[in-house]
Amino acid sequence: MFVVDIVGGLGRRARNAGTAGVVAIRLSGAVLRAGVSLPRAALGQWWGAFARQIQFTAWDALTLVSVLALLCGAIIIGEANAQAVRLGLADTIGRIVVAAGVREIAPALTALIVAGRTGTAIAAELASARALGEADALDALGVDIIQYYVLPRVAGVAVAAMALTLVFDAATLVGGLITVQALQQMSMTAYLDSVRLALSVSDVYEAIGRGLLNGAGIAMASCVSGLIARRTATEVPRAVSRAMMWSSVVVIGVSALGIMLRVLA
Amino acid sequence: MSAILALTDVLPSKPNAEWADPFTLNVPKGTWTVVRTTPERSHLLARILIGAKETASGEVVVLGRPIGKVSRTERRLLLSDLGVLLDPAGLLSNLSLIDNLIVPAVFRGSKGISLPREHAEDVFQELGIAEYANRRPADVPEDVRQIGALGRALVGNPRLLVLENPIASVRSRAAEDVWRICRALAPTAIITSFRRDEMLYNVADDLYLWDSAGLRRAAVEASA
């Protein structure tokens, strides 16, 4: 299949020659071009796939992410509180939660949850579509498989990961608040003031940006992993494992990029 | 008659013991051509015809365009004028049979179809499988699935049908009806197959046998 061969060729080159960055840029370009040239008649189908992707990635994972974020906030406060109070730095609690939880842990942990739940599902689905000849059949009918398979998944997972990152951020702060109250070492007002002082609008923008980048990167890595699979059933678990590995690289890369940009700023 | 499909001295890109000699074939407009050969050659030939496999040499001209040399976008536009059924048929398992006709049609731009659903329903009606339209491929018998996949190739009034091992599980009498309807909907077709199919030979204009001795024309009646 022509398109899959191209994507497969790109994937092999990335593995063999270490040109993953070039592959990512070219694939991003292909996805953008596919978005621009999407036939008007297909918009209804496309929105349906996009909405289903958001539902699966964000809505269905909301409870899991919220509980993890509450626990995360509680753990950060639990660890930091005793030291901070002992050193007379209680007003830094909010700063610690924002720096550790909101800026670093929330985007990375959310992205890893998305990679584990959604990325692997996408890779398995597309590798199965390859094994069953579905992707080849669509290509043979003149359907752009990037438009059909990749575009709604990349857009849907990007939006969903962004929303989940914001939810994770909010729940982490709530988890911290509950823990502070439970430990009775700081008033609610003092905690909220401390958080407000530490939090800035740029933190929200960063969370949005990292969520979108993580989501799009995970979806693209997973789609490529599925679409380069050979046409056998045994390729499905290999595609899943490859997707998880590549997604982890994306998450770490985006985290590193975030830190670099913050240092430069 | 002008050739709607022309293969000249074609060799596959990867060396292949079964396909070692250059392959030449013309399919004139308004004819149905069947190439009976081995499974591997049938598989390769069908994919080379639609530009899904590259060639080492020679030229494949489909509807006047060299399909192996055009850009990705041009290839997709060219394919939207064809009706293609490969083996395996690759019906999308998460869609109903009728949506398997509609979704590819809308994603490739619905060329020539103003109302994809109505058009797909008409095709199903003609092929006699309308009662299965809203079932998923896994929930229908194999022969219905194969006719549904053939229906997908017929949506959009293709100028050329490219079929690989079509409707092998369909009973003879039903197959005869299906082929008659296909012939009416698609005037020109090339079918590659490794199976002997008398019903198909009955509607074909030209039958070629392609074996180790090369490609040779066979009398349709004699082969049947």
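**Conventions.** I am reading a predicted model, in which local features need pLDDT of at least 70 and side-chain atom pairs count only at pLDDT 80 or more, while totals for chains, interfaces and linings use all residues. Residues are numbered from 1 along each chain as its sequence is written, and chains are lettered from A and ligands numbered from 1 in the order in which they are written.

**Sheet of chain B.** I next traced the strands (DSSP runs of E, at least two residues, numbered from the N terminus, as are helices, which are runs of H or I of at least four residues). In chain B, four strands make an open sheet with antiparallel pairing, in the order E2-E1-E4-E5; two strands pair if DSSP finds at least two bridges between them. Strand E2 (23-28) and strand E5 (65-66) of chain B each have a single partner strand and stand at the edges, so one side of each is left without a neighbour in the sheet. Strand E1 (residues 3-12) of chain B is joined to E2(B) by five bridges. I also noted that helix H1 (residues 39-49) of chain B lies across E1 and strand E4 (55-62) of chain B, at about 60° to E4(B); axes are lines fitted to C-alpha atoms, for helices over the stretch in contact, and angles run from 0 to 180 degrees between N-to-C directions.

**Two helices of chain A.** Helix H4 (residues 62-86) and helix H5 (residues 93-131) of chain A pack at about 150°, with their axes 10 Å apart. The residues of this contact divide into 17 nonpolar, four polar and no charged, where Ala, Val, Leu, Ile, Met, Phe, Trp, Tyr, Cys and Pro count as nonpolar, Asp, Glu, Lys and Arg as charged, and the others, Gly among them, as polar.

**Between the chains.** I found that the contact takes 21 residues from chain A and 22 residues from chain B, with residues in contact if their C-beta atoms, placed from the backbone, lie within 7 Å. On the side of chain A that touches chain B, the largest share, six residues, comes from H6(A).

**Around Val84(B).** Which residues does Val84(B) touch, not counting residues up to four places away in sequence? I listed Ala140(A) and Leu141(A) from chain A, and Ile50(B), Leu79(B), Ala153(B) and Val162(B) from chain B.

How values were computed: Contact = placed C-beta atoms within 7 Å.
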